[in-house]
Amino acid sequence: MTSTASALLAPNPTQIDSIKSYLDGVSDDLLALLPSAEQLSSDGRRGIIARYSAVLEGNFIYWMTGAYIAAKSEEARAIIMENLHEEVRDSHPEMLRRFEIAANALPAEADVQAVYPNLSKVRLFIGKLSPAPIVTMMAFFEGFIQRFMPYLEELAEKQGSTEREYTQVHGVCDITHSQELFHALESEMALSPDSREPADYLYEGVHLLRALIETMFVEQSCAAA
Ligand SMILES: [Fe+2]
């Protein structure tokens, strides 16, 4: 990282800022799609929690592991490992499972089927192990979920749940995770000039994940209409 060659390849701060601002815009667009928790039927609220759970419970650690395998820079690998360590040590999948159970929103077959096509696309994208695009997707996701947590918590409360550990943990720690992942991205981009190819390359995972997140919301919009 201190060699002249690496320094020459390092992305400038403006480039990282413009990536952040693009990703914030994607989150803004997704959050604007959320139907009011008040207006949803109980079944609509249950469906959003269940589809979110069908995606996240079994996949987040897998996605982050893909980022770890793909990353080449020591800094990015250390940041990603810290995140994985926390996920496993504190058993975030178990935390999410308790949240689902408390809200009576365990995924049913229809929930799993609803997210399956777009979930498959994200899984296959992870399998390509493209370092900067995966880290970009994870940085986007960490930023998105900390903004999504108050809404998820509200849905669960309206379903009669008082379980808040998952939403509280992810509403706070993911602010830091997101910032750290931007440092990881900076390191990966410095090592890989290809990551400054057209936006289609860098944002491939973000766009696939955006479509998957939309599936979590859109299904219940139809039911509520
Ligand atoms: Fe987590």
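Helix α3 has 15 residues, which at 1.5 Å a residue should span 21 Å. The C-alpha atoms at its ends are 21 Å apart, in agreement with that value. The expected span is 1.5 Å times one less than the number of residues. The model is predicted: local features need pLDDT of at least 70, side-chain atom pairs count only at pLDDT 80 or more, and totals for chains, interfaces and linings use all residues. Residues are numbered from 1 along each chain as its sequence is written.

The chain holds 11 helices and zero strands. Helices (H or I, at least four residues) and strands (E, at least two) are DSSP runs, numbered from the N terminus. From the N terminus on, the order of elements is α-α-α-α-α-α-α-α-α-α-α. The chain has 225 residues, and 41% of them are buried. A residue is buried if 20 or more other C-beta atoms, placed from the backbone, lie within 10 Å of its own, exposed if 12 or fewer do, and partly exposed in between. Among contacts between residues at least 6 apart in sequence, 89% join residues at least 24 apart. A contact here means C-beta atoms, placed from the backbone, within 7 Å of each other.

Helix α3 is largely enclosed by the rest of the structure, because 13 of its 15 residues are buried. Two packed helices are described by the angle between their axes and the distance between the axes. Helix α3 (residues 42-56) packs with helix α7 (residues 109-127) at an angle of about 50°, and their axes are 9 Å apart. This angle makes α3 oblique to α7. Angles under 35 degrees count as roughly parallel, over 145 as roughly antiparallel, 65 to 115 as roughly perpendicular and the rest as oblique. Axes are lines fitted to C-alpha atoms, for helices over the stretch in contact, and angles run from 0 to 180 degrees between N-to-C directions.

The crossing of α3 and α7 is right-handed. A crossing is left-handed if the near helix is turned anticlockwise from the far one by less than a right angle, and right-handed if clockwise. From α3, the residues in contact are Gly47, Ala50, Arg51, Ala54 and Val55. They meet Asp111, Val112, Ala114, Val115 and Leu119 of α7. By class, the contact of α3 with α7 has seven nonpolar, one polar and two charged residues. Ala, Val, Leu, Ile, Met, Phe, Trp, Tyr, Cys and Pro count as nonpolar, Asp, Glu, Lys and Arg as charged, and the others, Gly among them, as polar.

Ala54 is found in helix α3. This residue is buried, with 25 other C-beta atoms within 10 Å. Leaving aside residues up to four places away in sequence, Ala54 touches Pro107, Asp111, Val112 and Val115. Ala54 and Pro107 are 53 residues apart in sequence, yet their C-alpha atoms are 5.8 Å apart in space.

The crossing of α4 with α5 is left-handed. On the α4 side, Phe60, Ile61, Met64, Thr65, Ala67 and Tyr68 take part. On the α5 side, the partners are Arg77, Ile80, Met81, Asn83, Leu84 and Glu87. The contact of α4 with α5 divides into eight nonpolar, two polar and two charged residues.

Asn104 counts as partly exposed, with 14 C-beta neighbours inside 10 Å. Leu129 lies in the loop between α7 and α8 (131-158). With 13 other C-beta atoms within 10 Å, Leu129 is partly exposed.

Lys128 is also in the loop between α7 and α8. Lys128 is exposed, with 12 other C-beta atoms within 10 Å. Its C-alpha atom lies 8.6 Å from that of Ala70, 58 residues away in sequence.

Helix α8 contains Gln146. Gln146 counts as buried, with 20 C-beta neighbours inside 10 Å. The C-alpha atoms of Gln146 and Gly171 are separated by 4.2 Å, and the two residues are 25 residues apart along the chain.

How values were computed: Contact = placed C-beta atoms within 7 Å.
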